[in-house]
Amino acid sequence: MTVEQKPHEEISLPRSGAEIRSAFLNFYRERGHKVFPSASLVPEDPTVLLTIAGMLPFKRIFLGQKKRPAARVTSTQKCIRTNDIENVGRTARHQTFFEMLGNFSFGDYFKKDAIQWAWELSTNVLGLRPENLVISVFREDEEAECIWREVVGVNPKRIISMDEADNFWSSGPTGPCGPCSEIYYDFTPELGDENIDLEDDTRFIEFYNLVFMQYNRDASGELTTLANKSIDTGMGLERIAQILQKVPNNYETDLIFPIILNAASLAGVDYQKIDEIKKTSLKIIGDHSRAVTFLISDGVTASNLGRGYILRRLIRRVIRHGKLLGIKKPFLMTLGETVIETMKSSYPLLDERRKIISSELQREESKFLETLERGEKLLSEILKNNPQRVSGEKAFELYDTYGFPLELTQEIAEENGISVDLEGFKKEMEKQRQRAKNAAINIDLTLQDAIDELARRHKQTLFNGYNNLEQSSQVQGLVVNGRSTNRGSSGDQVQIILDNTTFYGESGGQVGDSGVITHINQQNTSLLVEIDSVTRSQNIFIHHGYIKNGDLKVGDTVQIIVNNGRRQRAQVHHTATHLLQAALKKIIDPDINQAGSLVDFNRLRFDFNCSHVISSKELKSIEDLINNWITESHPLETQNMTLEKAKSIGAIAMFGEKYSDTVRVVDVPGVSMELCGGTHVKNTSEIGVFKIISESGISAGIRRIEAVAGPAILEFLNERDDVVKSLSARFKAQPNEICERVEVLQTELKNLSKTLEATQEELALTKVIGIANEATIFTNGTLLTKRIDGIDGSALQKAAEKVRQKLGDKSAVILGGLPKPNDQTKVILVAAFGKDLITTGLQAGKFIGDIAKLCDGGGGGRPNLAQAGGRNGKALDQALDIATQKLQTELK
């Protein structure tokens, strides 16, 4: 029996990326699969920074850690991989951003259906001819090979057996695993079926991978057959688009080519007429533009850490390749718009977050253009000296002092046939880490392991604390002094797992509750456990505390009592946080979204995306609006509903947060409606009063507001009152006179500083003028080199210029010293050159910058006058001697 091959109807066959995507999902929808939208590029899985595969959102289901949402699922998943970024644009099919079409079976259908449907989709729906297809199978998977040959009817010569490295998938050293089978497209089937080499990527491209999860591998490496076998497949959308659109590479498909054409237009070039180097730059721009647009859309902001660094690195590569093409004006926003227009029908979130995407791209581009100009100029000077490689010290100086990324240094150096000393760079980086390291954080791994093991043994802690603060509960697990055990006694530090609890466990930014656990045991000795915090591990609540009196053992029934006062404080701050977000959206920008928060007993902290400083006037308006809502006594309403329904009624979700199918909605009617599992007041009037205490920027595009509310206001006011009283006593002024008194003191200090500066300049000039007659006259000019300690840089520089003027236009003056004679960690060096010397090629800035390096420093300035600094005062005399020798050679 073979799968029936239907005749091709070219008119109805999908060709565009959108049509292929739709055809795939519809095909599996018709076969009982539930269609899932793409998950975020920011994954639930903490072991990876970004979503790197179509199956990643379902990984916990495959591992048996999460209930399956349906027996059969199909999806199109956006993914990002940067491990082979150097190949992007240089090969036909390497990309950082790509879409993976997939169909999945969680213990439902297996090999036969998966194989038959994959063939039917490829040939009947997508219209690929059987003679263009080649199949790979795992060498030991006779079942799959038989299905392809006997059931589907594939020519045996076009079924290729592969080794474990190519055709066996595993989730890790242990766990689910199994063989896989892949479908390849053959661009030149006329070359025949003999000696097929699937490694020949000029002839073959793999576009559909079928993974058959049928085994479990234990720690010894032994494989056992799974009771519920599963299917995980992936079809690369860009790859199948290349095949169906009959273009030479993924970049020229309708998924990426519109971006490339737009970039080419901005550069004033014709893609079809330019050389391969320029085409490579355009392909990199096309690929990376999609990646950065989607990353920002999914809530990633540029930074120097984690996924934020990946975003920044990709943005910077786009800008640099744009510059190589001759694009002089900022262009990232324009390309971001092209990506949005190309992809918004399939990913509507792009359109919703258009403003945020544009703002982030504009800010990062502006910031990096300055860095790029400085860094490329310095690197160019390094490369001009024709070194065999860029030293680790130089690469680190570019990175640390000028913010120039190591990857760009490598890329530019490689384009010039020069390597970079990466080991040397790592050593310099480690030196910096050691210098910056002023504290160490010790984690009790033994305790954490014990807690994790306990959490794994228990399924769930029921939370009953929204309306109750006290109830009875049973002890189900116990960690005592870092060890899992069944009993604890007075004096022990404990972590307790209960079957149900009224204690809120830390999550969603809200700190955990505190309180006590009590009961009377059989010896009538009172038990008292003081609980100081509660955390969560998955769905388990861990109660951290100290047994103050009595004994506690697993199985005991206990009375748990939450500290009402502290709970009330947390509730006040949590509801105030919701009001703060609502006020920010109303007054500043409706596109503002939460980027992090802390709800504590004594304060609240709210992080949000915003590209500009919030003015004092705006902060006052926000504060006034929130206090109005408080005095209006709005009741709060909470209800559980499906995630889909919550989104449909307008509930705000924290961007990038993962939610279950059923969610809790906290609604302040007419003011705020958010998805939230935290505890809240019943009416806004319970908040009492709200006060913003600070606003600041914490990273690019992220602002932070800290505030206090309710009872915490009194503590805040008492602290401020103590400060005011102290200042009043110190300045001998009334509270309302303090500002005026400070202004007077500032003016006096400013005047004294000017007087001191003038005195220092006079002192420096007196010292230098006095030794001007020590200058040496050479054939081509006059030289004065002198060490003068106890003078700051500004005074030393002015003195050098005065003496240089006295000595004439053919003179050079080099001064160096320690501003504080007893401090060897700060060196000042100054150079002043006459105009006649400058015409010979000597430049003060470059000269003194090189001399400063001898003192572990650097710097520079204008050709006629420059200043540099260093960190090694012990090397100053030698540096001045070398400066003298170099200038003597030039002036003789």
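A residue counts as buried under 20% relative accessible area, as exposed over 50%, and as partly exposed in between. With that scale in mind, please note that the structure on display is a predicted model.

Begin with K157 and E194, whose side chains meet in a salt bridge with an N to O distance of 3.0 Å. K157 belongs to the loop between α4 (142-152) and β5 (159-162), and E194 to the loop between β7 (175-186) and β8 (204-217), so the pair ties together parts 37 residues apart in sequence. K157 is partly exposed, at a relative accessible area of 47%, whereas E194 is exposed, at 51%.

Next, select helices α9 (residues 306-324) and α12 (residues 354-384), whose axes come within 10 Å and cross at roughly 65°. The crossing is right-handed. On the α9 side, display the contact residues L311, R312, I315, R316, I319, R320 and K323; their partners in α12 include L361, E364, F368 and L372. Coloured by residue class, the contact shows seven nonpolar, no polar and ten charged residues.

Since R312 lies in α9 and E364 in α12, the pair ties together parts that are 52 residues apart in sequence. Both R312 and E364 are buried.

Finally, select E337, E341, K344, D351 and R354, which are linked in a network of salt bridges. One of its pairs is E341 with K344, at 3.1 Å from N to O. E341 is partly exposed, with a relative accessible area of 44%, and K344 is also partly exposed, with 29%. For an overview, display every salt bridge in the structure: there are 48.

Conventions. Residues are numbered from 1 along each chain as its sequence is written. This is a predicted model: local features need pLDDT of at least 70, side-chain atom pairs count only at pLDDT 80 or more; totals for chains, interfaces and linings use all residues. Side-chain values use heavy atoms; hydrogens and water are left out. Axes are lines fitted to C-alpha atoms, for helices over the stretch in contact, and angles run from 0 to 180 degrees between N-to-C directions. Helices (H or I, at least four residues) and strands (E, at least two) are DSSP runs, numbered from the N terminus. A crossing is left-handed if the near helix is turned anticlockwise from the far one by less than a right angle, and right-handed if clockwise. Contact means heavy atoms within 4.5 Å. Ala, Val, Leu, Ile, Met, Phe, Trp, Tyr, Cys and Pro count as nonpolar, Asp, Glu, Lys and Arg as charged, and the others, Gly among them, as polar. A salt bridge is a side-chain nitrogen of Lys or Arg within 4 Å of a carboxyl oxygen of Asp or Glu. Buried means under 20% relative accessible area, exposed over 50%, partly exposed in between (1.4 Å probe, protein chains only).
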